[in-house]
Amino acid sequence: MIERIGKFCRQFRIEVLNLSLTEFARLTGENLKNIHAFEKGRANNIKYLYLYYDLADEEQKNEFAIGLFEII
């Protein structure tokens, strides 16, 4: 399941937030390698979900929540 969540978050970052991995890491202050590991399903810290959610506007937050709950 964590791999599907990571894949969803990567897709959300690219297609909805329109951010590169480098931009995302800079905006969140998180380590680029850790974010990459999360998106590939090799890290499972729930804090990363909040990073994607926090960068989204209200409409995007709704889209993120719906997409995430469809996976889980």
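Predicted model: local features only at pLDDT ≥ 70, side-chain atom pairs only at ≥ 80, totals over all residues.

Let me start with a definition: axes are lines fitted to C-alpha atoms, for helices over the stretch in contact, and angles run from 0 to 180 degrees between N-to-C directions. Helices themselves are DSSP runs (H or I, at least four residues), numbered from the N terminus. Residues are numbered from 1 along each chain as its sequence is written, and side-chain values use heavy atoms, with hydrogens and water left out.

With that in place, H4 and H5 pack with their axes 8 Å apart, at an angle of about 145 degrees. On the H4 side the contact, meaning heavy atoms within 4.5 Å, is made by Leu49, Tyr52, Tyr53, Asp54 and Leu55, and on the H5 side by Gln60, Lys61, Phe64 and Leu68. Sorted by type, the residues of this contact of H4 with H5 come out as six nonpolar, one polar and two charged, where Ala, Val, Leu, Ile, Met, Phe, Trp, Tyr, Cys and Pro count as nonpolar, Asp, Glu, Lys and Arg as charged, and the others, Gly among them, as polar.

From the packing I move to the empty space. Rolling a probe the size of a water molecule over the atoms shows where empty space is left. Here a pocket is, on a 1 Å grid over the protein atoms alone, an open set of points where a 1.4 Å probe fits, with protein on both sides within 12 Å along at least five of seven lines, and lining residues have an atom within 4 Å of a point. The largest pocket holds about 190 Å³ of space, a volume being the space filled by probe spheres set on the points, which are joined across faces, edges and corners. Which residues line the largest pocket? They are Ile46, Leu49, Tyr50, Tyr53, Phe64, Ala65, Leu68, Phe69 and Ile72, and by type this lining has nine nonpolar residues, no polar and no charged. Helix H4 (47-55) and helix H5 (58-71) each supply at least two residues of that lining, with the largest share, four residues, coming from H5.

Phe64, named both in the helix contact and in the pocket lining, counts as buried because its relative accessibility is 3%, where buried means under 20% relative accessible area, exposed over 50%, and partly exposed in between, with a 1.4 Å probe and protein chains only. Leaving aside its neighbours within four places in sequence, Phe64 is in contact with Phe8, Cys9, Phe12, Leu49, Tyr52 and Tyr53.

Now to the charged pairs. A salt bridge is a side-chain nitrogen of Lys or Arg within 4 Å of a carboxyl oxygen of Asp or Glu, and by this rule the count comes to three. In one of them, the side chains of Arg13 and Glu39 meet at 2.8 Å, N to O; this pair links distant parts of the chain, with Arg13 in helix H1 (residues 2-16) and Glu39 in helix H3 (residues 32-39), 26 residues apart. Both Arg13 and Glu39 are buried.

In another, Glu30 and Lys47 meet at 3.1 Å, N to O, and here the pair joins the loop between helix H2 (21-28) and H3, where Glu30 sits, to helix H4, where Lys47 sits, 17 residues apart. Glu30 counts as partly exposed because its relative accessibility is 21%, and Lys47 is partly exposed too, at 34%.

Glu58 forms a salt bridge with Lys61, the closest N and O atoms being 3.9 Å apart, and both lie in helix H5, three residues apart, about one turn of the helix. Glu58 is exposed, with a relative accessible area of 63%, whereas Lys61, at 15%, counts as buried.

Finally, a word on the backbone: Asn18, in the loop between H1 and H2, has a positive phi of about 55 degrees although it is not a glycine, and Asn18 is exposed, with a relative accessible area of 56%.
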